[in-house]
Amino acid sequence: MNKIDYLRLSLIDKCNFRCQYCMPEAVKLSYILPKELLTNEEIVILLKKVFIPLGFTKFRLTGGEPLLRPQLEHLVRNIANLPETEDLALTTNGFFLANMAQSLYDAGLKRINISLDSLDPETFNQIIGSGNSSRWQQTWQGILTAYEVGFNPLKLNVVIIPGVNDTEILDLAALTIKRHWHIRFIEFMPIGNGELFTEKTWIPSEDIRQQIRSEFGLVASNVKGNGPADVFKIPHAKGTLGFISQMSECFCDRCNRVRLSADGWLRPCLLNESGQIDLKTSLRQGVGFEVLKTQVQQLLQLKPEINFKQRDSGTDTGFYTRTMSQIGG
Ligand code: SAM
Ligand code: SF4
């Protein structure tokens, strides 16, 4: 069994974008009430008393849009200062980064993933559901600022949607030639966007690789991350190209992570909610940390079975009803 030492923490389910594959406008969302969100203090106490004693050392802050979380820098500092924290990363849409990158870096955040699905402002707006032409520019500025303040490696997440941004695969891949940036192509998943998703709305990673291979060449890279990406590079490029192929190439057997939702549900698998536990309610009811640890440990033991059940049946209802922003991407 894999060592499970990586916790993805969703800090908020709200977002300032409505990406069509994540929070489609057509889907009516209800948001977690502020009093139901885990507080910063509750997050830190859960890490200290439950997750770290169970061997967790790697944490990623996500959402919804984590930069919307009040007092984010304070939370980052508190997690970064825990002596056991080996890795603290954040995934963001980048829109607020131009103003926040320096303070997050100073607070102890060292790694960042920024989502950028298009280099064209109009296509970008089409994807994020916006009519405001300055949004791409502001996001791009956020990426440049993050790199300037020292986030390295800087990873850009890209979801390719046929007919929307698939003509940009080569331009996006080419960003790695002269920059130490890592582009990660994530296969589009049918999570919370059942109406939109069809066999034609996702492209297998191998098709994307093939395009890049024909144009620039592609070799396996020796840079490996914590996660499920298969990493390649264009020969002599400074950066790398990662492929996260959860649709075409199941990597459940390599999975080393669990997810804590913004309202305190611990979920064993992105695609399956079986076995989830409500840590926030237990914590607020005064359930002891030893009991919480035992519950989490039981969930970790069940995890491989849960992953493979999802893979083999592909039928868990949570797979289709919750959006990525609600689960914590
Ligand atoms: N708002 C932040 C952002 O966009 O980076 C963090 C949360 S977002 C849910 C995390 C990642 O999930 C993003 O890179 C996004 O592209 C990806 N994502 C969201 N919905 C997806 C889907 N249906 N299929 C594949 N990736 C998805
Ligand atoms: Fe927001 Fe990120 Fe989802 Fe886009 S992918 S709607 S930026 S949470």
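This is a predicted model: local features need pLDDT of at least 70, side-chain atom pairs count only at pLDDT 80 or more; totals for chains, interfaces and linings use all residues.
Modeller: Residues are numbered from 1 along each chain as its sequence is written, chains are lettered from A and ligands numbered from 1 in the order in which they are written, and side-chain values use heavy atoms, with hydrogens and water left out.

Colleague: What makes serine 115 a polar contact of ligand 1?

Modeller: A polar contact is a pair of N or O atoms within 3.5 Å (within protein, one must be able to donate a hydrogen and the other to accept it, and residues adjacent in sequence count only if both atoms are side-chain atoms). An N or O atom in the side chain of serine 115 is 2.6 Å from an oxygen atom of ligand 1, so the pair falls within that limit. A side-chain N or O atom of glutamate 65 lies 3.1 Å from a nitrogen atom of the ligand, and a backbone N or O atom of tyrosine 21 lies 3.0 Å from a nitrogen atom of ligand 1.

Colleague: Why is threonine 92 called buried?

Modeller: Buried means under 20% relative accessible area, exposed over 50%, and partly exposed in between (1.4 Å probe, protein chains only). Threonine 92 has a relative accessible area of 2%, and therefore counts as buried. Contact means heavy atoms within 4.5 Å, and, leaving aside neighbours within four places in sequence, the contacts of threonine 92 include Glu65, Leu97 and Ser115.

Colleague: Why does arginine 111 count as buried, and which side chain does the arginine 111 side chain make a polar contact with?

Modeller: Arginine 111 has 14% relative accessibility, which is under the 20% limit, so this residue is buried. The side chain of arginine 111 makes a polar contact with the side chain of aspartate 87, at 2.7 Å.

Colleague: Which residues lie around ligand 2, and how do you know how many disulfides there are?

Modeller: Around ligand 2 are Cys15, Phe17, Cys19, Cys22, Met23, Gly64 and Asn93, where being near means that a heavy atom of the residue lies within 4 Å. A disulfide is a pair of cysteine sulfur atoms within 2.5 Å, and a search of the whole structure finds 0 of them. Cysteine 19 is buried because its relative accessible area is 15%, and cysteine 22 is likewise buried, with a value of 15%.
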